[in-house]
Structures are given as structure tokens and as C-alpha cells.
Amino acid sequence: MPVRPFRFGVTMLTPAPRAEWREKCRTAERLGYDVILVADHLGMPAPFPAVVATAEATEQARVGTFVLNTGFFNPTLLARDVATTDLLTDGRLELGLGTGYVQAEHDAAGLPFGSPGERVTHLRRTVEELDRAFADEEFQPRPLQRPRPPLLIGGSGDRMMRLTAEHADIAAFTGARAVPGDRGGKLVPLSPEELDERVAAYRRFAAGRAERAELNLIVQTILITDDRRAAVQEFVDRIPHLTTDSALDLPIVLIGTVRQIADQLRAQRERYGFSYISVLEAYYEAFGPVIEELRGE
């Protein structure tokens, strides 16, 4: 398959006053990020106002959610929010949706969490109702992008892979799995081989697509260093079953010099197809030189 050019996104997590928010968004755009995203967790900025503020602060970067917990939303009201946000951002919105994985947040909000199957069913219904709403010429408000903003779906199980293959313009891989029964949303990284299997499952479900989706990976740790093995020890200490070598092999961990990290991302694009790389706010400035290294590839 043809290799897609790299695209880079940063997910903003920390609430801030207007001036501070604008400054970090402008910094992200100067560093070369193609997309500035907002997460959807309690204790973090409300996604849609923050996305609009991001678009106001920047010139060309696309903006989006990464990803909405659809269990927090009524699909009809969500369609109104999505369309309004797309209008207010001049058609720069990318809509990221997920099932949600932190039971404690649903409990705090007084909302049902449900089984994994129930959460996927709600996400499917939400996607289908959004598509129906935006296909209806009588629906108001109308999004600027037609038929709707690009849709990113994030997840890892087979039911999510099937839904993503059917509907998403961007397939987002977490590179980790939730720990069963953990109310706080603890995640365990997937090994390279486990991620191979998840990407292969997605490709099986997506085999009949007319146009292939863009593949995204969210990176959890970035450390710029000349000594990869020493730097990774802190990560190994937090996840005892990992060895130094297995930790350095994790796709969601980028540790090394700028050149080493750029080479790792090139290799992962070749192996998995990940051309759209998302990083967390804590690492967005450190990752800037890697974007410069890979720009145009």
C-alpha cells in the first residue's frame, strides 16, 4: 500500500486561563503540529469550548477531540455541538469518538458505565445517528464540512475494530489495553506483536473499504536522551513485567535521540501503517525537533 505522509497531533489535557491556553496552542502550531486536540475526562477542559478557543488562537492547524467519551453524550445533542463547533472553527474540526474506559468518571457524573458491549453499542448508535442527522438537509445547524467532519474512532477490541472499519476516516490505536475491573482506567501497554495482531484485525474488517483510513497511534512517553537504556529504567520500574529491551521496543514509548525516535517512527509506519502520530501535552515541546526531522516525509 502507498505510504501516507506523516501527520502530527498534540492532545491538550491541562485547564488554563485564556491567555495561557492561546499561547500553548500557538506554540504547538509553531512547532509544526498539524492537529491540536482536546481530551474528554473529568478534571480536564470541556472539549467543545476548548476546541473553539484553540481555533481562535491558531491560523491553520486543524482542531479536534481525542476522544469524546460518548457515554457522556446524547447523540442528538452531540450532533448540534459538532455542527456548531465545525462552523465556529471554519471547518477545521476532526471529531474523535470512543466508548470511554474510566468507570470512576461515569460514577462521578451519575451516568451508567455498562459492559464493554453496551458501550460499543452506544458508540455505534451515536455514529449512525450523527450520520443520519448530517445527511438530513433539514437538520440545523449544518456542519461546514460535508457530509460531516472527519471521524476518528479509537479503541482496540474486535467490536471496536469492526465499527472503526465501517465508519471511521481515521482509525486510532491506543497501543494499550484496559486492566479488567480497574475503575480508574489503568492501561497496560501492548507489545509490538500484540499491536501487530490488532492492526491485522482492523485490516481484516476493513478489507472491503473503497478508501483506506488513516492510521493513528497515541504515544504515551517521550524522552529525548543520548542514553536510551538508562532513561527507560523509570518506565520499567513502573511496569515490573517489562525488561529494558522489551520496554524500548514498545510502540507507544519513544526514547532516544531525535534521530533514533524519527527512525523508530519510520519503522513503525512501515510495520503497522501509523502515519498520524499523537502525543500528550506534557511532551509536545520536547517532540518538536522530531516533527522537524520528519517534516515532508
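In this predicted model, helix H11 gives way to Gly273, a residue whose phi is positive, near 100°. The helix itself comprises residues 258-272, 15 residues in total, and its first and last C-alpha atoms lie 21 Å apart, close to the 21 Å expected at 1.5 Å a residue. Its buried residues are Ile261, Ala262, Gln264, Leu265, Gln268, Arg269 and Tyr272. Because these residues cover an arc of only 155° around the axis, they fall on the same side of H11.

Gln145 counts as buried because its relative accessibility is 16%, under the 20% cut-off. Its side chain makes a polar contact of 2.9 Å with the side chain of Arg62. Once neighbours within four places in sequence are set aside, the residues in contact with Gln145 are Arg62, Asp86, Gly91, Arg92, Leu93 and Pro150.

The protein as a whole has 12 helices and 13 strands. Its radius of gyration is 19 Å, close to the 19 Å given by the globule rule for 297 residues, so the protein is as compact as a globular protein of that length. The C-alpha trace spans about 60 × 45 × 40 Å along its principal axes. Among contacts with a separation of 6 or more, 73% join residues 24 or more positions apart. Of the 297 residues, 53% count as buried, while the protein exposes about 13600 Å², with carbon and sulfur atoms supplying 52% of that area.

Key
Residues are numbered from 1 along each chain as its sequence is written. This is a predicted model: local features need pLDDT of at least 70, side-chain atom pairs count only at pLDDT 80 or more; totals for chains, interfaces and linings use all residues. Side-chain values use heavy atoms; hydrogens and water are left out. Helices (H or I, at least four residues) and strands (E, at least two) are DSSP runs, numbered from the N terminus. The expected span of a helix is 1.5 Å times one less than its number of residues. Buried means under 20% relative accessible area, exposed over 50%, partly exposed in between (1.4 Å probe, protein chains only). The arc is that of the directions from the helix axis to the C-beta atoms. A polar contact is a pair of N or O atoms within 3.5 Å; within protein, one must be able to donate a hydrogen and the other to accept it, and residues adjacent in sequence count only if both atoms are side-chain atoms. Contact means heavy atoms within 4.5 Å. The radius of gyration is taken over C-alpha atoms; the globule rule is 2.2 Å times the number of residues to the power 0.38. Accessible areas come from the Shrake-Rupley method with a 1.4 Å probe; for residues, only the protein chains shown count as cover.
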